[in-house]
Amino acid sequence: MSAQFHNPVATYFGAGSLSQVVALTEGQSVALVTFPEARDLGLIDTLQALLGDRLIHLVENVQPNPDVAQLRATYERFWQQASGCEVVLAVGGGSAIDTAKALIVGTDSGQFDELLALLATGKTFTPPRHKRLIAVPTTAGTGSEVTPWATIWDSQQQKKYSLHLQCTWPTAAIIDPDLMLTLPAAVTVSTGLDALSHALESIWNVNANPISDTLAVSAIEDIFDCLPLLQQNLASRELRSRMALAALKAGLAFSNTKTALAHSISYELTLRHGLSHGIACSFTLPYVLGLAWGKEAGRDQTLQRVFGPDLGQAQAQLRAFLHRLDVKTEFADYGVTEGEARQMVFSAMQGARGKNFIGSQAA
Ligand SMILES: [Fe+2]
């Protein structure tokens with residue numbers, strides 16, 4: 001057995017760990033990227049108190065699924081007004097962290113379209129300037145705080161860009177479960193299922209290894225135990241903490257494997273059907289489990305550590321778990337016909353993430 005694992009993010013975990021932001025930004029100026037409700041939740045006041053006059057720029061209008069239509073103005077304002085700042089602090093869900101990942105990559109011109117043109121080539125590049133990113137998730141699911149990837153959407157053109165550069169690894173992640181206490185039930189569930197998807201996708205993955213497997217299996221067990229309880233008891237600090245740790249483990253697992261078929265399918269469901277990321281990448285998990293099972297003995301062994309030896313039972317367990325959380329598990333439930341679904345899965349297999357799926361070669 002051999003394995004290699006690399007994650008360069010300095011990770012701080014625990015209730016109250018938000019205060020680490022003071023030491024991590026000492027002597028440096030900071031731009032804050034956060035979500036619209038952060039002000040009413042008192043989060044901006046808290047960060048202003050912690051950072052004082054180090055905080056020189058504020059982006060507080062981040063929308064779900066960051067879209068080029070909105071990012072363009074935010075990006076160009078940032079590079080005009082705050083090009084001197086040293087740190088971008090992202091506080092929020094995956095959309096805030098993904099927005100921050102786009103902002104920190106500076107083009108020569110400071111124009112956003114120059115960045116899009118580079119991303120459209122699909123090749124990696126070294127930007128002429130970039131900022132340091134610190135990520136503080138306020139949801140337990142995205143994993144974006146411990147990965148270098150961001151998804152940028154172009155809903156008008158019905159496409160997406162994948163951002164992934166050496167500089168888009170956060171230098172630090174602060175996971176403070178107390179920041180998740182006010183998350184509503186629907187977001188708690190959908191982001192928690194995103195984490196479940198990350199863990200499973202790292203197992204049925206051509207890049208899986210014993211280290212990512214260990215993290216993924218542990219994450220799945222925690223999520224199975226914890227998420228239904230948390231849905232019924234949103235104010236529990238203990239459950240928030242357990243779920244945050246599970247999501248972190250899932251994030252670390254897929255930081256080394258990338259995602260696979262369920263995520264590849266999800267992109268079209270988000271673009272065409274407007275499904276939230278967490279639901280789009282998780283309702284197909286029982287179906288994708290069926291495609292993964294029996295493809296590789298080693299992968300089966302890891303899946304069977306979670307689900308036991310019987311595929312039918314494994315799929316039933318996963319379906320029952322999703323149904324208990326009020327998540328429907330069939331394409332038809334989301335207005336996708338059988339023919340559309342078949343086409344969607346076929347093209348998802350050809351996508352970059354689909355090719356990470358262990359069953360993609362046999363399809
Ligand atoms: Fe995801």
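Select residues 188-352 to begin: over this stretch the chain is 75% helix and 0% strand, and the end C-alpha atoms are 28 Å apart. Helices (H or I, at least four residues) and strands (E, at least two) are DSSP runs, numbered from the N terminus. UniProt, in an unreviewed entry, places the feature "domain: Fe-containing alcohol dehydrogenase-like C-terminal" at residues 188-352. UniProt positions are given in the numbering used here, feature names are shortened, and annotations may be inferred rather than shown by experiment.

This is a predicted model, in which local features need pLDDT of at least 70 and side-chain atom pairs count only at pLDDT 80 or more, while totals for chains, interfaces and linings use all residues. Residues are numbered from 1 along each chain as its sequence is written, and side-chain values use heavy atoms, with hydrogens and water left out.

**The iron ion**

Next, select the iron ion with Asp194, His198, His263 and His277. Its protein donors are Asp194 (OD), His198 (NE2), His263 (NE2) and His277 (NE2), lying 2.2 Å from the ion. Donors are N, O and S atoms within 2.8 Å of the metal (3.2 Å for Na, K and Ca); water is not among the atoms, so sites may look incomplete. Along the chain, the donors of the iron ion follow the spacing D-x3-H-x64-H-x13-H. Distant parts of the chain are linked here: Asp194 is in helix 6 (residues 185-203) and His263 in helix 9 (residues 261-273), 69 residues apart.

The angles among the 4 donor atoms run from 82 to 167 degrees, and the site is irregular. Four donors count as tetrahedral if all angles lie between 85 and 135 degrees; four count as square planar and six as octahedral if opposite donors are over 155 degrees apart and all others between 65 and 115; anything else is irregular.

Asp194 is buried, with a relative accessible area of 6%, and His263 is buried at 2%. Buried means under 20% relative accessible area, exposed over 50%, partly exposed in between (1.4 Å probe, protein chains only).

**Aromatic rings**

The structure holds 11 aromatic pairs. Rings of Phe, Tyr and Trp (its six-membered ring) pair if their centres lie within 6.5 Å; planes under 30 degrees apart count as stacked, over 60 as edge-to-face and the rest as tilted. Select Trp204 and Phe357, an edge-to-face pair with 6.5 Å centre to centre and 80 degrees between the planes. Trp204 lies in the loop between helix 6 and helix 7 (210-232) and Phe357 in the segment after helix 14 (338-350), so the pair ties together parts that are 153 residues apart in sequence. Trp204 is buried at 0% relative accessibility, and Phe357 is buried at 0%.

Then select Tyr75, Phe78, Trp79 and Phe112, which form one aromatic cluster.

**Salt bridges**

A search of the whole structure finds 9 salt bridges. In each, a side-chain nitrogen of Lys or Arg is within 4 Å of a carboxyl oxygen of Asp or Glu. Select Asp213 and Arg299, whose closest N and O atoms are 2.7 Å apart in a salt bridge. Asp213 lies in helix 7 and Arg299 in helix 12 (residues 297-307), so the pair ties together parts that are 86 residues apart in sequence. Asp213 is buried at 4%, and Arg299 is buried at 10%.

Finish at Arg342 and Glu338, which meet in a salt bridge (3.9 Å, N to O). Arg342 and Glu338 are 4 residues apart in helix 14, so about one helical turn separates them. Arg342 is exposed at 56% relative accessibility, and Glu338 is exposed at 67%.
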